[in-house]
Each structure stands twice: as C-alpha cells, then as structure tokens.
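I opened my notebook to record what I looked up, one topic at a time. Here is the structure I worked from.

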Amino acid sequence: MKKESSHDTIPDLSKNAATVLEKRYLRRDAEGKVLETPAHMFRRVAETIAAPNKKFDKKADLKGLADTFYRMMTNFEFLPNSPTLMNAGRQLGQLSACFVLPVGDSMEEIFDAVKFTALIHKSGGGTGFSFSRLRPANDVVSSTTGISSGPLSFMRVFDIATETIKQGGTRRGANMGILRVDHPNIMDFIMCKADQKQLNNFNISVGLTEKFMQAVERDEEYDLINPRDKKVFGRQNARKVFHRIVVQAWENGEPGIIFLDRLNRDNPTPHIGEIESTNPCGEQPLLPYESCNLGSINLGKFVKDGTVDWKKLKTVVHDSVNFLDNVIEANNYPLQQIHDMTHANRKIGLGVMGWADMLILLGVPYNSEEAVKLGKKIMKFINDEGHLASQELGKQRGSFPNFQGSIFDTKGAPPMRNATVTTIAPTGTISIISNASSGVEPLFAVSYIRTVMDKNVLVEVNPIFEQIAKERGFYSEALMKKIAEHGTVHDIPEVPEDVRRVFVTAHDITPEDHIQMQAAFQLYTDNAVSKTVNFPNSATMDDVEKAYMLAYETGCKGVTIYRDGSRDEQVLSTGKKE
Ligand code: UDP
C-alpha cells in the first residue's frame with residue numbers, strides 16, 4: 001500500500017468505514033493485494049468525476065473542482081452511490097446503482113434480459129423489471145403449440161443467474177420484480193416468497209393502479225387482463241387481493257406495493273415511455289433501459305451552533321448536482337441501449353442520509369410534528385436548489401436531449417440538464433462509510449449489532465450518543481451493552497430524560513410516524529423515497545393494512561414494511577430477546 005501524505009489523511013474515517021472500504025472498495029492487484037488507501041480512493045473518484053467539466057468549459061479549473069469533490073467526500077458531507085466509489089477511474093468504470101430492463105413476451109426478449117442483467121450485476125448495479133408483459137402460465141404459445149411457463153418460472157431464471165454472479169462480483173446483485181395487480185397470475189406472485197428459500201435475490205412489489213384502489217375502497221371486483229391479447233382473462237375481488245398482500249407482508253415483509261399511476265403521473269418524459277418498474281430498493285422509478293446514479297448529502301454535517309447551516313447546504317447541493325451530472329459523462333455503460341437512454345434523460349438522484357443524526361443534534365425527536373415540518377423544509381430546500389443547479393448546468397451544457405415534450409417543456413421555461421434531480425436512497429453502505437444514520441430512517445438502535453456483507457458482525461454505539469454520554473458523564477461499557485440488549489433507551493433510568501427524548505429508535509415510534517416522515521420527504525422528491533416502516537412483532541394484520549392505506553392517502557409512491565422477527569435473517573438486529 002502506498003503511504004499517505006499528511007495532506008491526504010481522513011480524520012473522520014471510522015474503523016467500520018475503513019473495514020468496509022478495504023473489503024470491497026479499494027483497488028487491488030491480480031493477487032488481491034490492496035493497492036490504494038481510502039484517501040487515494042477518494043482522490044481517484046474526485047479526479048475522474050471532475051474531468052468532464054473540461055468538456056463544457058475549456059477554462060475549467062479541474063484541480064480546484066477535484067479538490068472540492070475530494071473535500072466534500074472526505075468530510076463525509078456527500079457521497080455518491082457505491083459503484084461510483086468502487087469503479088470511477090478504473091477499468092470497469094460502471095458508476096450507477098440503478099437500472100431497469102424491459103422483459104418482453106418472447107424467449108428472445110426474456111433471455112436477452114437475463115444476459116443484460118448478468119452484465120449489470122457483474123458491475124455492481126441493481127436491476128428492476130416488470131414481468132407484467134409476460135403471458136400468464138398455461139397460456140397458448142403459437143410457435144410451439146405448447147403452453148407458457150408464466151412470469152414466476154422466468155423470475156426463477158433471473159434469480160439463479162443473480163445467485164451465480166454473486167460469487168464473483170464486487171457486491172451482491174439485487175433485483176426488483178414487479179407484477180401489475182391486474183395480471184392473471186397476481187395471486188401466485190403475491191405468494192411467491194412465502195417460502196423464504198425462494199427468490200432470495202429479489203425484492204417483490206405489486207404494481208397497484210388507481211382503478212384497483214378504487215375497487216378496494218368500494219369492495220368491488222376488477223378485471224384481470226391477459227397481456228398477450230389485452231383481453232379480460234377473469235375477475236377478482238379487489239379486497240381479497242389487497243388482503244392477501246397484507247397477510248403476506250405481515251408474515252415476512254413481502255410483497256411491498258408501488259402505486260404505478262403515481263409513478264407515471266410524475267414521469268418527466270411520458271413521450272418517451274411508461275414507467276413500469278423501479279430499481280431494487282424502490283426509490284428510483286425508471287423507464288426500460290434507463291440507469292440512474294445516486295448521491296446523498298449527510299445532513300448530520302450541516303448543523304452549526306444548534307441550527308441548520310443553510311449556506312453550506314446550498315453550496316454542497318450545487319456541487320453535488322455538478323458531481324452527479326458528471327457521473328453520467330464519466331460512466332461506462334454495460335449496454336449501448338442503456339448508454340443512449342441515460343444520456344437522453346440524464347436522470348440523477350440526489351438525496352440525504354444522516355437525517356436522524358441532524359434531528360438529534362437539533363434536539364428534535366424524530367416522532368414529532370416539528371420533525372415532519374423540518375423534513376419538508378430541508379427536502380424542499382434541497383429539491384429547489386438542486387433544480388436551480390440543474391438549470392444552471394442546462395444553460396452551459398444544454399438541456400437533457402428528451403427535454404422537448406417533457407414536463408419541463410413549457411413556454412419560457414428555463415433549460416434543465418436532468419429529467420429528475422432528487423431521490424432518497426437507502427444509503428445502506430455509504431452511511432456506514434460516513435458513520436451516519438441511513439437515509440431518512442430513524443436510528444435503528446442506540447447501540448446494536450450490525451451484520452453487513454456476508455455476515456461480518458460490527459458492534460456499534462451511535463457516535464453522537466457516545467459523545468453525549470461521555471460529555472455528560474453517564475458513559476460506561478456496561479451501560480452500552482445494556483442498551484444494545486434492551487433495544488431502546490426510552491425506559492433506561494441511567495440516561496437523562498432529555499437525552500432519552502431525542503434518541504428514539506425505529507421501534508420506539510409508530511408505523512404512522514414512519515409513514516408521515518416518508519410522505520414529508522416524498523412531497524419534495526422527484527423520484528421516490530426508500531423507507532422501511534417497522535412494526536413490532538406483536539403488530540396485527542389490521543395494523544399493516546392501515547399503514548398501507550395511510551401511505552396511499554398521504555401521497556407515498558410505495559411502501560415497504562417489516563415486522564420485527566418475521567424473517568429468518570435480518571440485516572440489522574438489536575440484542576433484544578422477544
Ligand atoms: N444496490 C444493489 N446491491 C446492493 C445494494 C444496493 O444493487 O447490495 C442498488 C439498488 O438499486 C439500491 C441502490 O443500489 O436501490 C442504492 O442502495 P444503497 O443506497 O443502499 O447503496 P450504497 O450506495 O449505500 O451502497
């Protein structure tokens with residue numbers, strides 16, 4: 001490993017971050033020997049992503065820009081999604097986390113999609129698909145006069161392909177499988193992960209329509225349509241289907257739901273195509289063959305003297321949009337179709353992490369009206385400034401090529417460089433690298449055991465809690481262990497009352513609180529919000545149903561729920577015994 005110059009040390013790099021970076025992100029030689037330090041990695045990324053500015057401005061100060069990017073990453077104010085950190089400036093050069101591929105109703109199209117999936121997974125990206133165009137199982141196949149296998153059989157092919165590539169890639173390939181609620185095989189789809197050994201490389205979501213939701217409200221039947229001939233295949237009772245979704249989600253967290261008509265209402269380029277799927281974690285609706293690169297601002301770094309540092313936030317938003325637009329240029333796409341679609345719409349997804357940290361630093365409990373209000377204010381600010389930054393880039397670099405006919409194409413409208421600007425990602429790994437709370441989630445626990453990447457176990461105390469506990473003199477290892485085992489601080493007398501009030505965790509708050517926060521961020525996010533609505537193990541199916549309805553009523557684009565202990569394996573777990 002090359003020695004770091006003092007100029008290049010990263011004071012805020014945590015031990016966990018160093019472990020994660022070394023295991024998966026740093027450049028290695030053919031023998032697997034690590035060739036760079038974390039500081040070199042951030043330099044590599046900063047320089048590669050600054051370079052495209054030269055294309056648009058011959059006099060661009062690339063060194064200055066690379067320094068700005070380097071600083072915002074190593075101060076952990078902003079990080080791009082993992083593939084950008086891993087691959088920028090390296091041979092593979094694939095920088096996006098999210099892709100959606102079309103799956104057409106023919107053998108050629110299905111197995112093309114399997115091949116394309118393999119290429120994307122090899123490069124660290126995740127793929128989403130709608131299987132809604134596939135004719136149902138046991139339908140006619142004219143070329144062979146046989147019968148069709150149906151969407152579920154083909155999903156297994158994608159699953160096995162993903163499983164095989166997982167063993168060689170830099171990170172696990174992940175898939176989203178969507179089926180429209182009016183597909184004839186919808187009931188089988190809803191049940192397809194009931195056996196927890198099936199389709200482990202898929203998240204699944206049912207694509208709900210407004211028509212279906214109205215039928216649920218009115219307790220009516222709705223039509224199932226055969227996608228092959230668009231004819232009515234049969235009818236189903238909407239409440240029966242909705243209830244089945246709820247039962248399965250209560251059982252083990254899946255399927256999730258997405259509201260297809262809402263995704264399309266906000267589709268910025270309806271003239272180019274219809275949105276039928278999102279990426280694996282649900283935050284990024286995309287057209288077939290589109291990809292998107294994400295980046296997240298770490299809000300915990302924007303609290304100064306007990307208030308939000310808006311000035312610094314504005315600067316970092318503008319630099320982040322410049323960064324993400326450049327990623328589109330520096331990216332090496334796994335397929336020509338993806339290159340062309342991505343360049344034509346230029347979607348980027350700027351979001352946040354460290355939201356729970358920010359609230360704690362401001363002394364605001366996550367489950368309070370004040371927090372919901374501030375969430376809206378923060379995201380509105382980021383969205384507004386993000387759009388301004390995209391307009392400024394548009395003036396210099398031109399609008400995205402599909403601008404004409406898009407929702408931005410109104411009389412006298414300013415240019416727009418990117419068809420979407422904002423997305424709230426889960427930030428699963430980049431939040432570990434930044435030592436921040438993930439996405440817009442509340443703290444999972446104040447101290448806990450985290451299983452990451454093939455079961456490496458990291459024991460962690462929330463850094464802000466640790467600091468406060470030490471400053472105020474109630475820190476002890478025994479207490480931290482007690483909290484990890486207990487899972488919450490709200491009834492631990494050794495912790496002062498005002499500290500307990502702000503260190504609320506995912507399980508201290510109600511599902512309604514989770515959804516209100518998701519809805520608050522969704523209000524000012526172009527794409528969607530990744531959020532898990534946590535339920536205690538004791539929650540009833542009714543509770544889950546109410547939460548789904550609330551998500552619908554509050555304008556969310558989808559929901560993912562998780563009832564504690566309902567799956568055999570959990571990514572995060574408190575030491576709490578049920
Ligand atoms: N993703 C993936 N495999 C993974 C984790 C993530 O393909 O193991 C993709 C997926 O599309 C997800 C997106 O990356 O929706 C963003 O996830 P996250 O924010 O957790 O990624 P990070 O950049 O933190 O690694």
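**Entry 1: a buried threonine**

I begin with the word contact: two residues are in contact when they have heavy atoms within 4.5 Å. I keep in mind that this is a predicted model.

I looked up Thr423. Which residues does Thr423 touch, leaving aside its neighbours within four places in sequence? I found Glu283, Gln284, Leu294, Ile348, Gly349, Leu350, Gly351, Thr525, Asn527 and Ala528. Thr423 is in the loop between helix H15 (369-397) and helix H16 (430-434). Is Thr423 buried or exposed? Its relative accessibility is 1%. Buried means under 20%, so Thr423 counts as buried.

**Entry 2: the ligand**

Next I turned to the ligand.

I then wrote down some distances. An N or O atom in the side chain of Ser82 is 2.4 Å from an oxygen atom of the ligand. For the side chain of Glu283, an N or O atom is 2.8 Å from a ligand oxygen. Gly428 takes part through its backbone: a polar backbone atom is 2.7 Å from an oxygen atom of the ligand.

How much of the ligand does the protein bury? Taken alone, the ligand exposes 520 Å². The protein buries 90% of that.

**Entry 3: the cores**

I wanted to see where nonpolar residues gather. In soluble globular proteins, nonpolar side chains tend to be buried together.

The largest nonpolar core here has 134 residues. Which residues have the most contacts inside it? They are Phe42, Leu85, Leu208, Phe212, Phe323, Trp355 and Tyr548. Helix H15 gives the largest share of this core, nine residues.

There is also a second, separate core of 17 residues. Ile360, Ile464, Ile483 and Phe503 are among them.

Leaving aside its neighbours within four places in sequence, Phe42 is in contact with Ile10, Tyr70, Met73, Thr74, Phe76, Leu79, Leu85 and Ile433.

**Entry 4: Thr74**

I followed the contact from Phe42 to Thr74. Thr74 is in helix H4 (residues 62-74). Its relative accessible area is 8%, so Thr74 is buried. Beyond its neighbours within four places in sequence, Thr74 is in contact with Ile10 and Phe42.

How far apart are Thr74 and Ala39 in space? They are 35 residues apart in sequence, and their C-alpha atoms are 7.8 Å apart.

**Entry 5: helix H14**

I went on to helix H14 (residues 355-362). How many of its eight residues are buried? Six are, so I wrote the helix down as mostly covered. The buried residues are Trp355, Ala356, Asp357, Met358, Leu359 and Ile360. I had met Trp355 in the largest core and Ile360 in the second one. Gly363 follows H14, and its phi is positive, near 75°.

**Entry 6: Asn87**

Then I checked Asn87, in helix H5 (residues 82-87). Its relative accessibility is 3%, so Asn87 counts as buried. What does the side chain of Asn87 reach? I found the backbone oxygen of Gln94, at 2.7 Å. Leaving aside neighbours within four places in sequence, Asn87 is in contact with Arg44, Leu92, Gly93, Gln94, Leu95 and Ser123.

**Entry 7: backbone notes**

Last, I looked at some backbone angles. A cis peptide bond joins Glu254 and Pro255, with omega about 5°. Pro255 is in the loop between helix H10 (238-252) and strand E10 (256-259).

Lys230 is not a glycine, yet it has a positive phi of about 60°. Lys230 is in the loop between strand E8 (221-226) and strand E9 (231-237). With a relative accessible area of 63%, Lys230 is exposed.

Asp305 also has a positive phi, near 50°, and is a residue other than glycine. Asp305 is in the loop between strand E14 (303-304) and strand E15 (307-308). Is Asp305 buried or exposed? At 75% relative accessibility, Asp305 counts as exposed.

How values were computed
Residues are numbered from 1 along each chain as its sequence is written. This is a predicted model: local features need pLDDT of at least 70, side-chain atom pairs count only at pLDDT 80 or more; totals for chains, interfaces and linings use all residues. Side-chain values use heavy atoms; hydrogens and water are left out. A polar contact is a pair of N or O atoms within 3.5 Å; within protein, one must be able to donate a hydrogen and the other to accept it, and residues adjacent in sequence count only if both atoms are side-chain atoms. Accessible areas come from the Shrake-Rupley method with a 1.4 Å probe; for residues, only the protein chains shown count as cover. Helices (H or I, at least four residues) and strands (E, at least two) are DSSP runs, numbered from the N terminus. Buried means under 20% relative accessible area, exposed over 50%, partly exposed in between (1.4 Å probe, protein chains only). A nonpolar core is a set of buried Ala, Val, Leu, Ile, Met, Phe, Trp, Tyr and Cys residues joined through side-chain atoms within 4.5 Å.
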